[in-house]
Amino acid sequence: METLLTEDALLGGRVRLVQPRRGYRVAVDAVLLAAAVEACPAARILDLGAGVGATGLCIASRIPGCQILGIELQPELAALAERNAALNGVSERVRTIVHDLAQPLPAGLGTFDHVATNPPYLAAAVADPSPDPSKALATVESSADLARWLQVATGALKPAGTLTIIHRSDRLDEIADHLARRGWGQLTLKLLLPAQRVLVQAHRAASPARRWAPPLVLHRPEGGYTDEAEAILRHGQPLAF
């Protein structure tokens, strides 16, 4: 079975990651999401859709002491997330459980200071799913659509908590509408260029409001990452809003 896996590195080698050789593999989105979470060392953080644990491990690398719980639908990926926590020496504060977000969260989890999530980007009605079942589950909405995903995320937060999302920029209005209906419509937005992605930070608010932060340009015109992107992706710097 080990021949079906690879061991890779994130954050310039600060994070080691075992993941499937084929199917869905960790991309820079997970690292950017982790870099956008502004948490203190005592924070409790929920990672919805944890996959093999990349986002949680990158957060743990940058913020010593924080406690991270990952929730993942696919048992095989959740098992790899647990293995990766051990590989990086953070099993005591980073763990992952198997759960379908279509169902209520398990009792006793409590509430969280931060929720970070990278939901499937494609609605089932318009998607052309990958023939790889695991990749299809990671990229196309299944038992829990975007509305349900955001319902779970906001329901798990403390009243003064923060929700951080990375998603396709063409679904921003949909995200904003769902969050506003749930009373979490105070949004700070940051485009990731030239990728069609947006980072969203949401807080509880009586009325919706949007603030645009300066975009993050990922790539130089001649190729390669910009210095700002390199500082985040290679050197573990936070992503400022």
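Mentor: Let us start with cysteine 40, whose sulfur is 8.7 Å from the closest cysteine sulfur, that of cysteine 66, which is too far for a bond. A disulfide here is a pair of cysteine sulfur atoms within 2.5 Å, and a search of the whole structure finds zero of them. Please keep in mind that this is a predicted model, in which local features need pLDDT of at least 70 and side-chain atom pairs count only at pLDDT 80 or more, while totals for chains, interfaces and linings use all residues. Residues are numbered from 1 along each chain as its sequence is written, and side-chain values use heavy atoms, with hydrogens and water left out.

Trainee: Which helix residues are buried along with Cys58?

Mentor: In α2 the buried residues are Ala54, Thr55, Gly56, Leu57, Cys58, Ile59 and Ala60. Helix α2 spans residues 54-62, and since seven of its nine residues are buried, it is largely enclosed by the rest of the structure. Helices (H or I, at least four residues) and strands (E, at least two) are DSSP runs, numbered from the N terminus.

Trainee: What about α1, is it covered or open?

Mentor: Helix α1 is mostly covered, with seven of its eight residues buried; they are Asp29, Ala30, Val31, Leu32, Leu33, Ala34 and Ala35.

Trainee: An aspartate in that list, then. What does aspartate 29 form a salt bridge with?

Mentor: Its partner is arginine 197, and the closest N and O atoms of the two are 3.1 Å apart. Arginine 197 is in strand β9 (residues 197-203) and aspartate 29 in helix α1 (residues 28-35), so the pair ties together parts that are 168 residues apart in sequence. Aspartate 29 is buried at 12% relative accessible area, while arginine 197 counts as partly exposed at 21%. A salt bridge is a side-chain nitrogen of Lys or Arg within 4 Å of a carboxyl oxygen of Asp or Glu.

Trainee: How many salt bridges are there by that rule?

Mentor: The count comes to nine. Among them is the one between glutamate 7 and arginine 16, with the closest N and O atoms 2.9 Å apart, where glutamate 7 is partly exposed at 46% and arginine 16 is partly exposed at 37%. Another joins arginine 220 to aspartate 227 at 2.6 Å, N to O; there the arginine is partly exposed at 33%, and aspartate 227 counts as exposed at 59%.

Trainee: Changing topic to the strands, which ones pair with β7?

Mentor: Strand β6 (residues 112-117) pairs with β7 (residues 157-168) in the parallel sense over five bridges, and histidine 114 stands opposite threonine 162 in β7. Six bridges join β7 to β9, and these two run antiparallel, with histidine 167 opposite valine 198 in β9. Two strands pair if DSSP finds at least two bridges between them.

Trainee: Where does arginine 14 lie?

Mentor: It lies in the loop between β1 (5-10) and β2 (15-20), and arginine 14 is partly exposed at 45%. Leaving aside neighbours within four places in sequence, arginine 14 is in contact (heavy atoms within 4.5 Å) with Ser61, Asn88, Arg234, His235 and Gly236.

Trainee: Last one: what radius of gyration does the chain have?

Mentor: The chain has 17 Å, which agrees with the value near 18 Å that a compact globule of 241 residues would have. That radius is taken over C-alpha atoms, and the globule rule is 2.2 Å times the number of residues to the power 0.38. The secondary structure comes to seven helices and 11 strands, and buried residues make up 47% of the 241 residues.

Notes: Buried < 20%, exposed > 50% of the residue type's maximum accessible area, 1.4 Å probe, protein only.
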